[in-house]
Amino acid sequence: MTAGHPPHQHRCPRWGATLLASKVMTVESSLSTLGRSSLEVPRLGIGAMTWGEARGLARLHPAKTAYGGAHGNVEEKAALDASLAAGVTLFDTAAMYSGGASEMRLGELARGTNAILATKFPAGFLARAQSMPRDLDASIARLGHVDLYQHHFPSPLVSIPRLMELMARAVEAGKIKAVGVSNYSADQMRIAHAVLARRGVPLASNQVEYSLLHRHPEVNGVLDACRELGITLIAYQPLASGALTGKYTSATRPTGLRRFTPTFRGKALEALAPVIALLREIGERYGKSMSQVALRWLIENENVLAIPGAKNGRQAADNAAALTFSLTADELVTLDQATRAWRPSPGR
């Protein structure tokens, strides 16, 4: 995945991507292809995991219990409108989120816009590969259309080769534009890529957790395989569940299930303080927030597309501002070194 950049560039060995030496203050409006597919996407998307009104047991979905719901239909629309106005046209959801309520709300709001819609199979934990065509039709009915269709997570119940054959058929039938996976290992990616390639369909993306505080893709082979095979890495939780926003301290931990995760327990937030201070220092040079710097660290990698969540219009506009500046090679190296403690050793 590549994006056009103005002159005066140099390379940073750590990223292997072309970085801007100058401070660009205009929005990156150009689109790039998602992997080697024909689908054109911006350098940033929006995660709509918490959108929609969950009912019944769907209210207990981890997305709701960890983050709470979005701030209502009006603010969800404001989030979509603010994103589209800034050129952030990619919105990601899943059939499983809130029992389909997230897809339904996103479909309602996106109708008549140029939104690029990504969702995921399956709708439930016990699905088999042969359930995909039915689940895809249900997602299309809720969303209006599906551009990127992804396998949400590998499962012993779902044959990857069989599922990829069905995904290829969906592309050939014009039901979807691109095929993606999520939470796949490097080996699982290679299996999916090979099956699709035999049908002339590229594997466009692998959506995995990736942030300054979750560096696993760098050491488990996923990022390297993405580069080798021409696959875009879609980074979910790019702000480490909010830990990189600077909003939380040991005295002000988040509510919900997040407060019990390792990032927010014990002395973890105290250990994070120097990273937050560095993000603040860099952000002040550009008039940007800590979260915008953390997102920009991902965007500077030409293989990576970040999808932060947004519950309201203000958060969506804040996310989009990560496209209005660039970090220098020295700043990227400094951030890399400051978060080495969160980069696991190979094999972990």
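Author: Buried means under 20% relative accessible area, exposed over 50%, and partly exposed in between. The model here is a predicted one.

Reader: Which way do the residues of strand S8 point, and are they buried or exposed?

Author: Leu148 and Gln150 point one way from S8, Tyr149 and His151 point the other way, and all are buried.

Reader: What makes S7 and S8 a pair of strands?

Author: Two strands pair if at least two bridges are found between them. S7 (residues 116-121) and S8 have four bridges, in the parallel sense, so they count as paired. The bridge partner of Phe121 in S8 is His151. On the same test, S8 and S9 (residues 178-182) pair, again over four bridges in the parallel sense. There, Tyr149 stands opposite Val179.

Reader: Which helices go with these strands in β-α-β units?

Author: Helix H4 (residues 132-143) forms a right-handed unit with S7 and S8. Helix H5 (residues 160-172) forms a right-handed unit with S8 and S9.

Reader: How do you know that the span of helix H6 agrees with its number of residues?

Author: H6 has 13 residues, and at 1.5 Å a residue they should span 18 Å; the end C-alpha atoms are 19 Å apart, which agrees. Its buried residues are Ala186, Met189, Ala192, Val195 and Leu196. H5, S9, strand S10 and helix H8 are among the elements that cover them.

Reader: Why is the contact of Glu228 and Arg190 called a salt bridge?

Author: The term asks for a side-chain nitrogen of Lys or Arg within 4 Å of a carboxyl oxygen of Asp or Glu. For Glu228 and Arg190 the N to O distance is 2.9 Å, so the pair qualifies. Glu228 lies in H8 and Arg190 in H6, so the pair ties together parts that are 38 residues apart in sequence.

Reader: What about Glu218 and Arg343, which meet in a salt bridge: is each buried or partly exposed?

Author: Glu218 has 10% relative accessibility, under the 20% cut-off, so Glu218 counts as buried. Arg343, at 28%, counts as partly exposed. Their N to O distance is 2.6 Å.

Note on methods. Residues are numbered from 1 along each chain as its sequence is written. This is a predicted model: local features need pLDDT of at least 70, side-chain atom pairs count only at pLDDT 80 or more; totals for chains, interfaces and linings use all residues. Side-chain values use heavy atoms; hydrogens and water are left out. Buried means under 20% relative accessible area, exposed over 50%, partly exposed in between (1.4 Å probe, protein chains only). Helices (H or I, at least four residues) and strands (E, at least two) are DSSP runs, numbered from the N terminus. A crossover is right-handed if, with the strands pointing away from the viewer, the path from the first strand over the helix to the second runs clockwise. The expected span of a helix is 1.5 Å times one less than its number of residues. Contact means heavy atoms within 4.5 Å.
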